[in-house]
Amino acid sequence: MISRYARVNLLIGTGHFLSHFYQLCLPTLFVVLQRQFNVSFAELGLAVVLMTGTSAVLQTPIGFLVDRYGARAFLIGGALIMSLSISMMGFATSFWQILALALLSGVGNAVFHPCDYAILAGSVSRERMGRSFALHSFSGNVGFALAPPIIAALLSVMDWRGVLLVLGGLGLPVVAAVILQSNILHDQVRKETTVRGMSMRELLVHRTLFLFFLFYFLGAMASGGVLAWLITVLHEVKGLDLAVASAALTAYMAGNSAGVLLGGWAADKSDRYLAVFVAGLTTFSAVTILAVNFFPMAGSVPIGLMFASGIGLGASRTPRDVMLKDASPPGQIGKVFGFVSTGLPLGSAVTPVPFGFLIDHGHANLVLVLAAGFLLASILCMGSAKASAVRDPAPTAAE
């Protein structure tokens, strides 16, 4: 028999895997869709903006609903909407239908962060929380990594409509499993009805949570810039072969995923030093990036250094999430994680364009420097958030 702890992580992790997997469905099919609907690549990009933008905007409002009514129903409904939206794209006859369904899929996708963290907080013991958060993040990374090869393999045996129908259908057994196993998915401990929760205004202006938002946002800015432009920078500035530059990016992503699991283990072993872990590992990742930028590189050295940088950054992420969970008022994890984790997609979307502008104007050597600078600046936000959490706890006044 599979233990209850393992089943909880398997259910939540599989849903999070699909959440990230579906985000790369359309980009992987862009070439096929462009020919089918005779649209520009800019119009294709709008589909991704609608999907990810809608998800980012709705996370916080859904977090409020999760805290008020519980997470399980929203998790089931969101996963079902997301899966059916992807499947329905297979029947599209006009591109506007793809856009509408992409927006609807984003609505479903928005439930995962507030629901997942609320359920993990109520279903997993404190001494295993770090590993559960790590598995949750790791499953999302795997979803991103597996989407392109799986979709490419499916395209070799069926057309794009069949691919979308199959991919959307993958979510239905997950929804069924969550329904059948819902008795083991305990919600977060919600506050007594005599105590009010935070309002939207209090959430947005609260010093501690805003600093955590900036911490997530700056870290995502750094990662977004590295993921978008590392290959170009290593090839143009360092003169590395494209194969080596591509391998360095792959190593960075692999190290990030491996580091997430390492960080989960570390967070469970010593939760007294979470801030120290986060600061040290983030600094290590930033310094390693700077070393790649400033020192001569040859052979497999940049690959190894970017792998190390990825491990450092990934290992800092689970302690970061545990710190945010500890700073969240009881019963309000949904809205807190919904709001703060919005910084991840927003941060990732900010840097690719200005970094590309720097490269266009002959300043590609500044890209990795700025990415490292964003990481170091995020540490200041983390330290300030940690201190603020002690001085300025979130409001829990009686109504």
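I'll start with Asp268, which is found in helix H13, residues 242-269. Helices here are DSSP runs of H or I with at least four residues, numbered from the N terminus. Residues are numbered from 1 along each chain as its sequence is written. This is a predicted model, where local features need pLDDT of at least 70, side-chain atom pairs count only at pLDDT 80 or more, and totals for chains, interfaces and linings use all residues, while side-chain values use heavy atoms, with hydrogens and water left out.

Back to Asp268. Its relative accessibility is 16%, so Asp268 counts as buried. Buried means under 20% relative accessible area, exposed means over 50%, and partly exposed is in between, using a 1.4 Å probe and protein chains only. Which residues does Asp268 touch, leaving out those up to four places away in sequence? They are Arg126, Glu127, Arg128, Met129, Gly130 and Arg131. Contact here means heavy atoms within 4.5 Å.

Next, helix H1, residues 4-23. H1 has 20 residues and reaches 29 Å from its first C-alpha to its last, close to the expected 28 Å. The expected span is 1.5 Å times one less than the number of residues. Of the 20 residues of H1, 14 are buried, so H1 is largely enclosed by the rest of the structure.

Now the aromatic rings. Rings of Phe, Tyr and Trp (its six-membered ring) pair if their centres lie within 6.5 Å; planes under 30 degrees apart count as stacked, over 60 as edge-to-face, and the rest as tilted. By this rule there are 12 aromatic pairs. One of them is Phe37 with Phe95, a tilted pair at 6.0 Å centre to centre and 55° between the planes. Phe37 lies in helix H3 (residues 30-37) and Phe95 in helix H6 (residues 95-109), so this pair ties together parts 58 residues apart in sequence. Phe37 counts as buried because its relative accessibility is 13%, and Phe95 is buried too, at 10%.

Another pair is Phe133 with Phe337, edge-to-face, at 6.2 Å centre to centre and 80° between the planes. Phe133 is in helix H8 (residues 129-155) and Phe337 in helix H16 (residues 333-340), so the pair links distant parts of the chain, 204 residues apart. Phe133 is buried at 0% relative accessibility, and Phe337 is buried at 1%. There is also an aromatic cluster formed by Phe210, Phe213, Phe217 and Phe339.

Last, charges over rings. The rule asks for NZ of Lys or CZ of Arg within 6 Å of the ring centre and within 35 degrees of the ring normal. Arg320 lies over the face of Tyr216, at 4.0 Å from the ring centre. Lys335 lies over the face of Phe64, at 4.9 Å from the ring centre.

Notes
Helix = DSSP H or I, 4+ residues; strand = E, 2+ residues; numbered from the N terminus.
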